[in-house]
6 protein chains.
Amino acid sequence: MERPRYLEEIEIGEVRETYGRTITETDFVVHAGHTGDFFPHHMDAEFMAKSEFGGRIAHGTMIFAIGVGLTATEINPLAFSYGYDRLRFVRPVFIGDTIRTRITAARKEDDPKRPQSGKLFETVQVLNQRDEVVLACEHIYVVQKKEVAAA
Amino acid sequence: MERPRYLEEIEIGEVRETYGRTITETDFVVHAGHTGDFFPHHMDAEFMAKSEFGGRIAHGTMIFAIGVGLTATEINPLAFSYGYDRLRFVRPVFIGDTIRTRITAARKEDDPKRPQSGKLFETVQVLNQRDEVVLACEHIYVVQKKEVAAA
Amino acid sequence: MERPRYLEEIEIGEVRETYGRTITETDFVVHAGHTGDFFPHHMDAEFMAKSEFGGRIAHGTMIFAIGVGLTATEINPLAFSYGYDRLRFVRPVFIGDTIRTRITAARKEDDPKRPQSGKLFETVQVLNQRDEVVLACEHIYVVQKKEVAAA
Amino acid sequence: MERPRYLEEIEIGEVRETYGRTITETDFVVHAGHTGDFFPHHMDAEFMAKSEFGGRIAHGTMIFAIGVGLTATEINPLAFSYGYDRLRFVRPVFIGDTIRTRITAARKEDDPKRPQSGKLFETVQVLNQRDEVVLACEHIYVVQKKEVAAA
Amino acid sequence: MERPRYLEEIEIGEVRETYGRTITETDFVVHAGHTGDFFPHHMDAEFMAKSEFGGRIAHGTMIFAIGVGLTATEINPLAFSYGYDRLRFVRPVFIGDTIRTRITAARKEDDPKRPQSGKLFETVQVLNQRDEVVLACEHIYVVQKKEVAAA
Amino acid sequence: MERPRYLEEIEIGEVRETYGRTITETDFVVHAGHTGDFFPHHMDAEFMAKSEFGGRIAHGTMIFAIGVGLTATEINPLAFSYGYDRLRFVRPVFIGDTIRTRITAARKEDDPKRPQSGKLFETVQVLNQRDEVVLACEHIYVVQKKEVAAA
């Protein structure tokens with residue numbers, strides 16, 4: 001669904017939370033095959049059973065990609081993704097964990113290079129079924145300003 | 001292959017470059033299915049043919065995941081990945097582009113919380129077949145110190 | 001996104017249309033591998049080049065599954081899917097065609113077995129990039145009645 | 001294998017049953033990724049553990065596509081698939097259930113638009129490991145007539 | 001389909017040929033992801049365009065696995081696969097080539113360890129659309145003897 | 001990583017062992033879908049629970065392809081793969097088994113057709129988590145000679 005929103009229409013503090021998705025062994029195998037990272041941390045159950053983690057742990061890039069993917073339910077045609085800051089792998093994710101993503105509009109900033117737009121910084125948190133943060137980052141979103149569109 | 005290296009053994013300026021990998025239409029479809037992001041920017045050839053890009057563009061999360069995955073050829077058992085900073089989607093990647101990843105050891109920093117280790121900051125650049133940077137970020141790597149291991 | 005709607009709140013004639021999705025060679029290969037149907041109509045380019053179709057044609061079950069999948073963007077927690085009638089494969093779909101789905105609320109009917117709900121019949125049409133119908137069917141949706149919930 | 005059969009050679013009451021196939025968590029993940037339907041009914045183990053079903057249930061379109069795919073072992077070059085009627089999702093299918101498909105030649109009908117062929121209606125039943133019907137529909141198959149070929 | 005056949009019922013010289021299957025770029029990507037072999041010979045279009053082959057070439061293990069898979073249309077419950085001899089990668093397979101498999105019953109041998117069975121050696125040839133052999137091997141099949149079953 | 005080695009530089013008796021990889025139900029489903037072999041031995045848990053094996057067993061072609069794929073970590077640009085001899089499926093592999101591959105340089109032979117190279121025969125063993133051989137074969141590797149390159 002399209003949902004056009006100008007920068008002024010997004011309120012700081014707004015929170016959006018996605019559906020949950022259970023991370024399966026299949027996702028581990030698919031991500032290894034998709035990226036080529038077959039490190040034993042993700043793929044060798046015997047090796048990881050003896051490790052400090054007690055079992056295979058998800059690729060950080062997978063939790064990031066799926067965590068962001070969970071939010072892909074509506075498109076703001078007045079905005080585009082500029083990048084991410086402070087991406088941190090806070091806790092391991094295991095096979096069978098169920099994750100969801102919470103996005104909070106955190107702050108706005110002018111963008112000197114794009115006067116007709118501004119930057120919206122969103123706090124992205126991926127949570128597990130115990131409401132623990134497993135991954136956190138800040139999404140930088142460049143959004144058009146209404147005042148400019150109106151002028 | 002395992003290749004144990006202490007923080008002191010990694011020289012600032014060291015560069016490592018991966019093999020190339022051609023990004024295929026299959027990767028677009030697999031990434032959409034893996035993450036659930038079926039936005040028309042990645043999946044609708046008709047819509048994107050009329051856009052400013054002229055064709056479907058890769059998911060940013062895919063170029064990040066595959067770009068990092070390309071580097072997964074040797075394991076340093078004395079280190080772990082802490083996170084990423086300043087992840088930027090610099091240029092679009094199209095079906096048929098061939099990417100590779102260049103990692104440069106950029107600087108070291110003490111880690112007050114982990115005196116036996118330090119932080120290594122690596123500049124990560126994903127390049128296309130024209131040697132243009134398509135994605136850039138900084139990888140934060142926590143690596144054990146030899147002086148501590150020796151003590 | 002959840003969007004609860006009682007039967008009375010859905011108007012006959014309402015139309016919903018999805019984003020487009022380009023059907024790729026990858027989808028053909030994935031569907032064959034998912035279902036086990038590797039018939040040459042879908043998998044043998046040489047054989048099909050000489051056929052009346054001039055090329056590989058999509059599995060009917062794939063256009064149905066993807067056509068329905070395109071509509072999976074909002075959940076009505078007051079309804080469930082009962083089945084489909086008159087599913088017809090109207091035109092072949094080729095690699096590179098871009099499909100989208102149009103759903104029209106067609107008519108309502110009482111459901112003797114479920115007095116608290118009624119049946120909503122939706123006309124489902126999968127269209128290609130030339131606006132031709134490639135697949136059609138009628139979806140039977142069982143939706144709760146507001147009058148009953150209110151009582 | 002090809003097995004050409006004219007309409008007259010197919011006897012009403014003929015039954016064909018396929019091999020079994022265990023529906024795995026992988027199939028759930030593949031179908032979600034193939035169709036874009038990531039609804040929590042299929043993907044969120046936590047949410048479904050608390051539901052009336054007690055666990056994730058298969059997409060109806062998957063059981064249809066795999067159930068039909070199981071029958072794709074021999075090709076009748078004298079016939080083509082016209083469509084399906086009365087497709088019903090009779091019982092939920094869970095991860096670990098083993099399904100097979102039973103096809104019964106049910107009745108024949110003339111096809112006014114195609115005098116050289118007739119319609120064969122086949123009852124399609126997908127059964128689980130307890131021999132319960134989980135999905136049912138009627139397949140409409142257009143098959144050439146021998147009398148016409150002979151004339 | 002099951003088709004039980006005793007060793008005596010298989011005639012030397014018997015030939016079976018499968019349907020064709022076009023090897024797609026998708027198959028290359030799936031096989032790399034399935035096996036973890038992302039060597040540039042299979043995955044880097046730029047590098048291979050400059051090579052003696054002029055383009056990406058299929059993994060040998062893929063042509064073997066798909067070539068054998070094409071023959072998996074009927075099961076002989078009186079036999080099992082013992083192994084393969086003289087597996088040779090005769091010609092490269094490129095994206096877009098269409099392969100099929102031809103199996104010829106070549107010779108029989110007693111199996112001292114299994115007096116109730118014998119070994120059937122089958123010549124396996126995978127052919128491309130120009131009828132060139134791209135892969136060859138000898139399949140060793142252990143098949144029950146009728147004389148023993150009858151005794 | 002590239003690691004050029006002439007035939008003379010490879011010592012008979014050299015052993016290389018790969019990381020482990022747990023064979024998952026996902027791999028079974030992916031391999032069936034990749035090759036088209038959906039035989040109940042690999043796909044029907046109910047049927048196999050009653051068999052002599054007690055459960056689904058891996059496709060032989062999968063253990064071969066993954067076993068070989070595990071070794072694909074370094075490229076010798078002075079060599080190419082000629083084929084495999086005596087490929088044997090020694091023990092069944094079940095869902096959850098963890099395999100790794102051991103390669104031993106076994107013997108060298110002149111290659112009359114290629115005087116500038118020689119054949120290196122490598123013993124390939126795929127082992128499970130109990131160090132039992134599950135698959136064995138001999139890899140024939142054609143490697144350039146240093147004496148020739150030097151001349």
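Analyst: Copies are superposed by least squares on the C-alpha atoms of residues with pLDDT of at least 70 in both. This is a predicted model, in which local features need pLDDT of at least 70 and side-chain atom pairs count only at pLDDT 80 or more, while totals for chains, interfaces and linings use all residues. Residues are numbered from 1 along each chain as its sequence is written, with chains lettered from A and ligands numbered from 1 in the order in which they are written.

Two copies of a chain are related by a rotation about an axis and a shift along it.

The contact itself draws 25 residues from chain C and 25 residues from chain D. On the side of chain C that touches chain D, the elements giving two or more residues are α1 (25-35), α4 (60-69) and β3 (79-89) of chain C. Such elements are DSSP runs, numbered from the N terminus: helices are H or I with at least four residues, and strands are E with at least two. The largest share of that side, 8 residues, is supplied by β3(C). By class, the side of chain C holds 12 nonpolar, 9 polar and 4 charged residues. Here Ala, Val, Leu, Ile, Met, Phe, Trp, Tyr, Cys and Pro count as nonpolar, Asp, Glu, Lys and Arg as charged, and the others, Gly among them, as polar.

The strand β3(C) also pairs with strand β3 (residues 79-89) of chain D, in the antiparallel sense and over 4 bridges; two strands pair if DSSP finds at least two bridges between them. In this arrangement, C:Leu87 stands opposite D:Tyr84 in β3(D).

Another pair of copies may be set beside this one. Chain A is superposed on chain E by a rotation of 180° with 0.0 Å of shift along its axis, at an RMSD of 0.0 Å. The residue of chain A that comes closest to that rotation axis is A:Gly33, at 1.7 Å (C-alpha). The contact of these chains takes 4 residues from chain A and 4 residues from chain E.

Terms used:
Two residues are in contact if their C-beta atoms, placed from the backbone, lie within 7 Å.
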